[in-house]
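Morning, everyone. Please have the sequence and the model open while I talk.

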Amino acid sequence: MTDGEGAAGAPGAQVFGVDIGGSGIKGTPVDLGRGEPAEERHKVLTPHPATPEAVLGGVVEVVRHFGWSGRPVGVTFPGVVRGGVTLTAANVDKSWIGTDLASRLGERLGCPVTVLNDADAAGVAEVTFGAAAGRKGTVIVLTLGTGIGSAIFTGGQLVPNAELGHLELDGHEAEKRASTKAKEDHDLSWSHWARRVQKYLLHLEMLFSPELFVLGGGVSRKAHKFLPLIEGVRAEIVPAQLQNNAGIVGAAMAAAAAAGDAG
């Protein structure tokens, strides 16, 4: 799926979305007309080690909690995904590399499964229903968490699997310097961390010249603590609107789009 706008459904239409995260696996049916969960999310803890088989079990548990069967399911993954196969594993167990997640999960659930990068899913949701809705220039959506996920849009079109969290910053991967985990691991103050995020955004701006940055992840709920401290970035910077529901909504949208293409 490359067009976030085309994936929204008629009011009341529902598709299941699951977001695989470092700490939890959460999901719910999504109302595609409104771009929001149709029911309260169900969450299970991400197993450790987070091997494919263990995580598959968690996803199945979340989906079956709602009695969902036979209908499409969309799933996010924190890494590069192509054709339903997970190709990288920067922040998860290395055994994920080369795993056909869509096929394996589809067999377990007995329904069509669409898999996409977690930041791409969040970005599609924000571009369609959230902070970047209606913006046609270049937009970069960043999810700040265990790592830094990224999604690039131009003219509303997604450029899939843009792993901008792995760009070099001060001799390190950017996500090792400016992620929420980096803030916590190094006990950084909001002002110190904001300077790191600022440096990262300036680097991205030099490379891509976006008109808008959307900052997501759980920390987006505390945007007032660090966004006012970021200076010198020409692009507009706003917090994500869908916050931690963005991945679930985007996953459901991807599954709906795939079902439409197949039909």
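How exposed is Phe 208? Phe 208 is partly exposed, with a relative accessible area of 31%. On that scale, buried means under 20% relative accessible area, exposed means over 50%, and partly exposed is in between, with a 1.4 Å probe and protein chains only.

Some ground rules. This is a predicted model, where local features need pLDDT of at least 70 and side-chain atom pairs count only at pLDDT 80 or more, while totals for chains, interfaces and linings use all residues. Residues are numbered from 1 along each chain as its sequence is written, and side-chain values use heavy atoms, with hydrogens and water left out.

Back to Phe 208. It sits in helix α6, residues 190-208. Helices are DSSP runs of H or I with at least four residues, strands are runs of E with at least two, and both are numbered from the N terminus.

Now the rest of α6. Its buried residues include Trp 193, Val 197, Tyr 200, Leu 201 and Leu 204. After α6 comes Ser 209, with a positive phi near 50 degrees.

On to the strands. Take β11, residues 148-154. Of its 7 residues, 6 are buried, so β11 is largely enclosed by the rest of the structure. β11 pairs antiparallel with β10, residues 138-144, over 7 bridges. Two strands pair if DSSP finds at least two bridges between them. Thr 138 has Thr 154 of β11 as its bridge partner. Between β10 and β11 there are 3 residues, and the two strands form a hairpin.

β11 also pairs antiparallel with β12, residues 157-159, over 3 bridges. There, Phe 153 is partnered by Leu 158 of β12. This is a hairpin too, with 2 residues between the strands. Gly 155 in that turn has a positive phi of about 60 degrees.

Next, an open sheet. Its 3 strands run in the order β6-β7-β8, with antiparallel pairing. β6 (81-82) and β8 (99-100) are the edge strands, each pairing on one side only. β7, residues 85-86, is joined to β8 by 2 bridges. Val 85 stands opposite Asp 100 in β8.

Last, two buried residues. His 42 lies in strand β4, residues 42-45. His 42 counts as buried, at 19% relative accessibility. Beyond its neighbours within four places in sequence, His 42 has contacts that include Lys 26, Gly 27 and Phe 66. Contact means heavy atoms within 4.5 Å.

Ile 248 is in helix α7, residues 246-262. Ile 248 is buried, at 0%. Outside four places in sequence, its contacts include Lys 26, Gly 27 and Arg 41. Ile 248 and His 48 are 200 residues apart in sequence and 22 Å apart in space, C-alpha to C-alpha.
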